[in-house]
Structure formats: C-alpha cells, structure tokens
Amino acid sequence: MALRERETSSSSINDKQEQNCSRVITIVFLALFIDLLGFALILPLFPSILDYYSQTEDGFYLSLQRGVDWFAVMVGMPPERKYNSVLFGGLIGSIFSILQFFSSPLTGAVSDCLGRRPVILMTVMGLITSYVLWATSRTFGIFLLSRIVGGISKGNVSLSTAIIADLQSPKARSKGMAMIGVAFSLGFTLGPMIGAYLAMETEKGEVFYLHSALLALMFAVADLIFIFFLLPETLPKEKRVSSVASGFQAAVDLLSPLALFQFSAVTRGKESPSEENLQNLKILGLAYFLYLFLFSGLEYTLSFLTHQRFQFSSMQQGKMFFFIGITMAVIQGGYARRIKPGNEIRAGKRAIMLLIPAFLLIGWAANVTMLSVGLLLYSFAAAIVVPCLSAVVSGYGSASQKGRVMGILRSLGALARALGPILSATVYWLAGAEVCFTVCGALFLIPFVLLGSIKQQTKEE
C-alpha cells in the first residue's frame, strides 16, 4: 500500500514537472516568435533603405560606398554598381552577427549569475531602444547605430536556448529546441512579408520604412510586457555561479574564437566537464560552426542565383522564401520535435547528407522544377540540423554552466553567419554559381564526419 502511494506521489510530481516544462516552452516560443517577427520586418526593406540613403546623398553612406567600391575592385568583383551595393549590404548586415558573436557568451555568463529573467528583460529593453532609433533615423549614421544597438541586444536568442537548457527533462529540452526552430521559421516567413506590405502602404511624405519600424517597436514592447508577467525564472539561486566576476574571469575565453572552439569558459571552477564530454563539446562546436558557415553562405547567394538565372522578381523571391519558411515550420513542428532524446545526432547527420544533393540541384538547376526539388530538400535539412545540435549541446555542463555553454554555441553560429556570406559571395562572383554550390555542398561532408565521431551521451553529468 505504501509502495503504491509513493508511486502515485512520484507520478504526480512528474506530471507537474512536465506541465511546468510545457508552460516554459510555450512562453519561450511565443516570446521569441514576437521578437523575430519584429526583427524580420526590415529584411525585405534593406536594399531599399540603402538606395534611399544613396539617393539622399548621405555623406557617411557615400564615403562607405567608396570604400566598398575599392574593396570590390581589389577582390575582382564585377564592376556593376548593383553588385557592389549588394556586397555593401552584406558587409553592413554582418555587423549584426559580429556583435552577436561578442554579446551572446557574455549575456549567457551574466545570466548564470543573475538568473535568466532579469537579463532577458534587459536585452529586450535594448531592442526597444534600437527600434526607436530606427523609427527616428533620417541619416545613415543613426540607422547604423540602431543596427549596432540591436546587435548588442540580440543576446535574448541565446538566453532563450539557455532557458530551455535549464529544463530537467531531456525530452523537454529536445522539444523546446525544436520549438525555437519553429519560432525562427515562422518569424522569418511572416515578418518579411508584413514588412514589405507596410512599405507599400506608406502615405505621401512619409519615410517608407516608418510603419515597419513602429510595428517592430510595438512588437518589442509587447514582448517586454509578455516576458515580465509570464516568464518564470528557470535557474534557481542555488544553481547559479557565485558572482558576476566569476562569470567574467575568462573574458578572453568568451571573446576569442580559438577559446570558444575550445569551450574554455566551461572548464573554470569545480564543475568542469569530464575530458570525454569536453572533447565532445569541442567537436560539436566545430561541426555547428562549419555547418552554419557553409549553410549561411549558400543561403545568402541563393537570391542572386535565382535573380540572375531565372530573373526572379522581388515578389517571386518573397514567395520562394515563404515556401522555404513554411516547409521548415511544418518539418520542425511535425517531425523535429518528435525526435527522441539520444537520436538527435543521427537525425542531424541524415539532414546534413540531404544538403549535398540539395545544393547540387540548386547550383546546377536548369529550370524552376529542378530548383524547387532542391529547395524542398534544402528546407527539410535546414529545419533539422540546428535544433538537433542545440538539443545535444544543451545536455552538457552543470546547471550553472548551461547559459555559458549555449552562449558559446550561439557565438560560434554568429561568427559563422558573419564570415560565411562574405566568402561564399566572393567565390560565387569569381567562379560562378555551379562551382560555388558544388564545392560548398561537398564540404558538408566535414561536419557529417565530425558528428560521426561522437558517442551521444544519454545521461546528465
């Protein structure tokens, strides 16, 4: 009788924990979705914003443009002005990822001491400031400042993954990482379309991006209120590091790419991972970086390929990315979140192997049908790899280290996204689409082999 009561009590506690985990996952998903909707509003407007400052003959913009023109000549880019402005846009856009590269691990380290909730609220307040600057910007300098403030404040994404990593159940963590992937897919599918629509609805005399900037600001304010009232603290005080100073002891480790690849920051203190687990983290970090380095580069050049080879209009480009986003959301919501704990690496390897034929089909596509098949494989694979690798990495480290571990992983991704597009675009313009997509597609074998050398852990440290 007593045994049955203990089993009933244990079952009740497990049910309550599952309910709490599901609630946290839902709140993180909605908060991140609102945030990404606001962030993605600017994406279809970026080329037009650059044209706007060029036409207004903004002095700061023109001086930067001359520098980019010089760089384009140095690396052998085509002399067409439109290609130079695309390169300029890519370099400006990479500022966001470079700043994320610096801010993510630092934000994670602070949250390991102060807790997730107060730090994520601070990052959202930073985003509100960036959107206020964007809405009021009439010079390129102020617009660029808004991007810089936004990049520094974008640590809320790594904090979202740290919150999911705090959950006790491996099944809940795996589901949570998949739902973060769904939030990204939906945000980057719906946000650009809303932004493009609002730009078309501009009244006479208004700056065309004003409505989008104000809506992004409204989303950020709503996100702040939503998190303040609904998000619970997921890192108990007894599991936090002793002081912020201890979180910054290894500032060089958090900001040095070499130290990030070594996951040096998580080796500090008494709760350092075992040698085997630290080695696994290093391999996972390198595989994650190489995957995103190749993927983000080819993702960036995709729109140039469709524009040049198939003469896609802006609307057709929008429909293409809408198709990719919806496909990814369906895969992440239907398949990725059902991947059982312990099977993430196997699923990630299968998805990476799909990317090789996907990019070969896209790079050598002679018609839209061939392109569409390639995009379908591309969307399926893209929906799986990052959530799976994030779920695996979240299983490493003690409770007080998870913020740092996920922050480092996020920084490696930001570094990859900052470097990948620039280098892929250079190869594309110098050697053509076929060579670019073939070489980069074949290089996906490297992260595939790296993941094959890992024996996935099934227990917490």
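Before we click, one term: a polar contact is a pair of N or O atoms within 3.5 Å, where, within protein, one must be able to donate a hydrogen and the other to accept it, and residues adjacent in sequence count only if both atoms are side-chain atoms. Also keep in mind that this is a predicted model, where local features need pLDDT of at least 70, side-chain atom pairs count only at pLDDT 80 or more, and totals for chains, interfaces and linings use all residues. Residues are numbered from 1 along each chain as its sequence is written, and side-chain values use heavy atoms, with hydrogens and water left out.

**Stop 1: serine 296**

Select serine 296, which lies in helix α13 (residues 275-310). Helices here are DSSP runs (H or I, at least four residues), numbered from the N terminus. Which backbone oxygens does the side chain of serine 296 reach? One belongs to leucine 292, at 2.7 Å, and another to phenylalanine 293, at 3.5 Å. Serine 296 counts as buried because its relative accessibility is 4% (buried means under 20% relative accessible area, exposed over 50%, partly exposed in between, with a 1.4 Å probe and protein chains only).

**Stop 2: aspartate 58**

Now jump to the loop between α2 (46-55) and α3 (59-74), where you'll find aspartate 58. Is aspartate 58 buried or exposed? It's buried, with a relative accessible area of 12%. Show its side chain: one of its polar atoms lies 3.2 Å from the backbone nitrogen of phenylalanine 140.

**Stop 3: two helices side by side**

Two packed helices are described by the angle between their axes and the distance between the axes. Color helix α5 (residues 116-136) and helix α7 (residues 156-166): they pack at about 160 degrees, with axes 9 Å apart. (Axes are lines fitted to C-alpha atoms, for helices over the stretch in contact, and angles run from 0 to 180 degrees between N-to-C directions.) That makes α5 roughly antiparallel to α7; angles under 35 degrees count as roughly parallel, over 145 as roughly antiparallel, 65 to 115 as roughly perpendicular and the rest as oblique.

**Stop 4**

(The expected span is 1.5 Å times one less than the number of residues.) Buried residues in α9 include Leu210, Phe219 and Asp223.

**Stop 5: helix α16 and its neighbor**

Select helix α16 (residues 368-393), whose 26 residues reach 38 Å from first C-alpha to last, close to the 38 Å expected. Asparagine 367 caps its N-terminal end, with a side-chain oxygen 3.2 Å from the backbone nitrogen of threonine 369.

**Stop 6: glutamine 401 and the cysteines**

Glutamine 401 sits in the loop between α16 and α17 (402-431), and counts as buried at 2% relative accessibility. Its C-alpha is 9.8 Å from that of cysteine 113, although the two are 288 residues apart along the chain.

How many disulfides are there? The count is 0, with a disulfide being a pair of cysteine sulfur atoms within 2.5 Å. For cysteine 436, the nearest cysteine sulfur is that of cysteine 440, 4.5 Å away. Cysteine 436 counts as buried, at 0% relative accessibility.

Technical notes
Helices (H or I, at least four residues) and strands (E, at least two) are DSSP runs, numbered from the N terminus.
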